[in-house]
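Me: I've got a protein model to look at and I'd like to go through it bit by bit. Can you help me read it?

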Number of protein chains: 2
Amino acid sequence: MTIPNLVNAFESIIGTAHVLVSDSDKAPFLVEWRDKFKGATPMVLRPGSTAEVAECVKLAAQHGLKVVPQGGNTGLVGGQIPNPDGSEIVLSLSRLNKIRHIDPEGYTMVVDAGITLQAIHDAAEKHDRLFPLTLASQGSCEIGGNIATNAGGTAVLSYGNTRDLVLGLEVVLANGEVWEGLRTLRKDNTGYDLKQIFIGSEGTLGIITGASLKLYPAPASVEVALVALDSPAKALSLFSLAKSHAGNMLTGFELMPQSGMQFVCEHMEQSRYPFEEQHPWYVLIEISAGTKDIDIASLTETIFTEAFEADLLRDGLLAQSKAQAADFWRLRHGLSEAQKFEGGSIKHDVSVPVAKVPEFLEEAIAAVKEAVPGCRPVPFGHMGDGNIHFNITQPKGADKAEYLAKWDDVNRVVHGIVASYNGSISAEHGIGILKRDLLAEVKSETEMNMMRSIKAALDPTNMFNPGRVL
Amino acid sequence: MTIPNLVNAFESIIGTAHVLVSDSDKAPFLVEWRDKFKGATPMVLRPGSTAEVAECVKLAAQHGLKVVPQGGNTGLVGGQIPNPDGSEIVLSLSRLNKIRHIDPEGYTMVVDAGITLQAIHDAAEKHDRLFPLTLASQGSCEIGGNIATNAGGTAVLSYGNTRDLVLGLEVVLANGEVWEGLRTLRKDNTGYDLKQIFIGSEGTLGIITGASLKLYPAPASVEVALVALDSPAKALSLFSLAKSHAGNMLTGFELMPQSGMQFVCEHMEQSRYPFEEQHPWYVLIEISAGTKDIDIASLTETIFTEAFEADLLRDGLLAQSKAQAADFWRLRHGLSEAQKFEGGSIKHDVSVPVAKVPEFLEEAIAAVKEAVPGCRPVPFGHMGDGNIHFNITQPKGADKAEYLAKWDDVNRVVHGIVASYNGSISAEHGIGILKRDLLAEVKSETEMNMMRSIKAALDPTNMFNPGRVL
């Protein structure tokens, strides 16, 4: 069938308005915000229901079309962008954007895949509940994409990754059937836990159209502090100290370097530097309690007192209001975007065992400075999970393209060090296109073959997101 | 190859002493403690290392032998017992019983699959850590079996099922290769999360030989209370009340009926009834805190005070010592075994949404009393997870065999009610042989086909635990 005929066929399923073919209509779906991946496609499909997704998949399968599912287009590894050769169609889930059901008593919510994370937060809050997944991109990312990539974020320490927050899924399979797996049970050992296979599979095994999610009590009290320290080693000691007092109530522990703090305060509106002096490292700490019975203010005070006594801190600020807490978090959440203003940035999303973070940082910073003299490392992130976004901004005044051409070489240096700590080359962003070749390098042939056999079992014609992950 | 030749071949891999062929040697592996499943086998293999397991699997594959992996033989659905026709060999993991590595700072432990759950508890405790999985059978069950069945137990409320406690696995695959997946990272999004496929797959996809596990801080303080109540509805209100004060520190909430309490106190050594009067229902509550900063004694007092004020309780006892806390837990853990002394018991392991437990119980108790006049329902278990072991003891003086012949009919009644609440017919025990036919009844053909395709992808010759689950 010719492209115009195919367009007509899809239009008859989902309506003329929802098959995008003009360049201007398609443009937002073909590039991601870091400009690293640019694609082309004959059409973007915007179905409005699970049944329409299934019909689109059936039609695509009939004609051997390859399908790239897309949520909020915030992915960082190219998984949601079609190939530049225009051989793939994009299927956007954004019109599936409803909350289907909230059960505050049962602490569950059932949603469409295309609803934004922020909309889920807002809906939970209305019922005095918390959906804990928290990302800088939460205003635009969609839960289907969060699930497909097993998103992490800043609350993993206490609540786990996205995988830990999903109770059930609805998925359109490669044969066009709909798997109705929207359970809300806390315990269910009836056969293989199929949802686990789709979580983190980056759209390569099926199209997630709905999800049932775990909710938590809305925090009754939250303390947010920003502290300045000498080194990641002191940050690690602070982490142990905070954890020993706050336990699971330590809900955030985010490391930031001086370089990143400067970039944010210089380039991001609404962000101003909160300390009087400059410091080499910072940590944002959040402690929160789900019930009113726990006095986290005094708990936080205990941690601060002991940390100063143990000489772990250079300075520290405890947020005195919700607005100030939001200011502190804005410094942290601005870190990714602020780097754009300083030129090219070579990025890594790695994890190592938590206790090894300081050693890893010392080694990796020295190695990249040697590899690219003048480069400016901006390692930041979820220290309490061992997950560091090891980004390296180009030397001042260097040519951006020339610098970014070193991407693979610098990756090799950093990932080599990660491997020596038995770490991960993709802690939370996934594989997509960006790290596909790398995956085969770091995994055994046995493991690659297991993944290939799962892929072949669920998507035998390689229709969904071909060439991503595997 | 004849059986004697095969025995020789296996002996050359794992040693003569570890291929069991005599009836007396094989006997303990061929029956489970409830006497529901009895099997036969030409031999029981007891390999002593992962490499030996892999060699045994290769040899078995060469000769088309079917293999039933077995851990501590505590499973309740027949998954670990070979068929009565003697067509399957048993592979016991019990000699793989070492702790490989403990990292108290990183809160992880790496173990062999055949180590008992109790040995893991003890090792963690030595380092002031907790491995939270807690089962009545923990002295004999083995972690490989716990993982293969995604065991639940009495601490799920706060710590999750076994799935939530596993960071990595080592698995011998159907082709005899060893998948080295023993990671200890908190975040790792490098391709499909393959360990999830094996967790809860009941030995049908591969043989788990090692696992890396999450540890938690040892509780700094624990409060255990036993309360008496009028009804499950009041127990549900008490659950909401306790949860609103204790949040995630509510680590246990176990419902027990009068019938079960009587059986335990009458038949189990070391168990005596702790109240002065009889009551219709009981709940065991455990509240624990990982840090010393939280005063759970006053928290517990608050809950008790409010519960009495709200007229939720008939009576209540707060354990005054560790010994008394252990006594209370012994009453709960004795419930399964105590039923044996009262004759036949028809069992269900079901879950419904937590808020629906009272309605479910009322309806199901009435239905089974109508189906089998004089029967004695003993529904008990993990009310906070919505998981009830809906067991029904035979009428007094009835013929045991005649009563047990009604198993399927009674199942149909109870599972029909479970279905009306969108519940699960196997919340934590799994499918095994016992519920295999039932599985196909309650799952869609789409879902069954997905499971079959996963099975075919990882075990194409149907070598591992054939006829279990699928």
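Me: Which residues of α1(A) are buried?
Reply: This is a predicted model, where local features need pLDDT of at least 70, side-chain atom pairs count only at pLDDT 80 or more, and totals for chains, interfaces and linings use all residues. Residues are numbered from 1 along each chain as its sequence is written, chains are lettered from A and ligands numbered from 1 in the order in which they are written, and side-chain values use heavy atoms, with hydrogens and water left out. Buried means under 20% relative accessible area, exposed over 50%, and partly exposed in between (1.4 Å probe, protein chains only). In α1(A), the buried ones are A:Leu6, A:Val7, A:Ala9, A:Phe10, A:Glu11 and A:Ile14.

Me: What do the buried residues of α1(A) pack against?
Reply: Helices (H or I, at least four residues) and strands (E, at least two) are DSSP runs, numbered from the N terminus. Contact means heavy atoms within 4.5 Å. The partners, all in chain A, are β1 (19–20), β2 (44–45), α3 (50–62) and β4 (88–92).

Me: How far does helix α1 of chain A reach from its first C-alpha to its last?
Reply: Helix α1 covers residues 3–14 of chain A, which is 12 residues. The expected span is 1.5 Å times one less than the number of residues. That gives an expected 16 Å, and the helix comes close to it, with a reach of 16 Å.

Me: How much area do domain 1 of chain A and domain 2 of chain A bury between them?
Reply: The domain bounds come from an automatic or database domain assignment, with domain 1 at 3–92 and domain 2 at 99–217 of chain A. Their contact takes 13 residues from domain 1 and 16 residues from domain 2. Buried area is the accessible area (1.4 Å probe) that two parts lose on being put together, summed over both. Carbon and sulfur atoms hold 70% of it, and the total is about 1000 Å².

Me: Which three residues supply 18% of the area that chain A buries against chain B?
Reply: Chain A and chain B bury about 5600 Å² between them, and carbon and sulfur atoms give 59% of that. The contact takes 73 residues from each of chain A and chain B. The three that supply more than any other three residues are A:Lys187, A:Asn189 and A:Tyr192.

Me: Is B:Phe253 buried or exposed?
Reply: B:Phe253 sits in strand β13 (residues 250–257) of chain B. Its contacts beyond four places in sequence include B:Leu157, B:Phe239 and B:Met383. Because its relative accessible area is 1%, B:Phe253 counts as buried.

Me: How far apart are the C-alpha atoms of B:Cys141 and B:Gly71?
Reply: B:Cys141 is in the loop between β7 (129–130) and α5 (143–148) of chain B, and it is buried at 1% relative accessible area. B:Cys141 and B:Gly71 are 70 residues apart along the chain.
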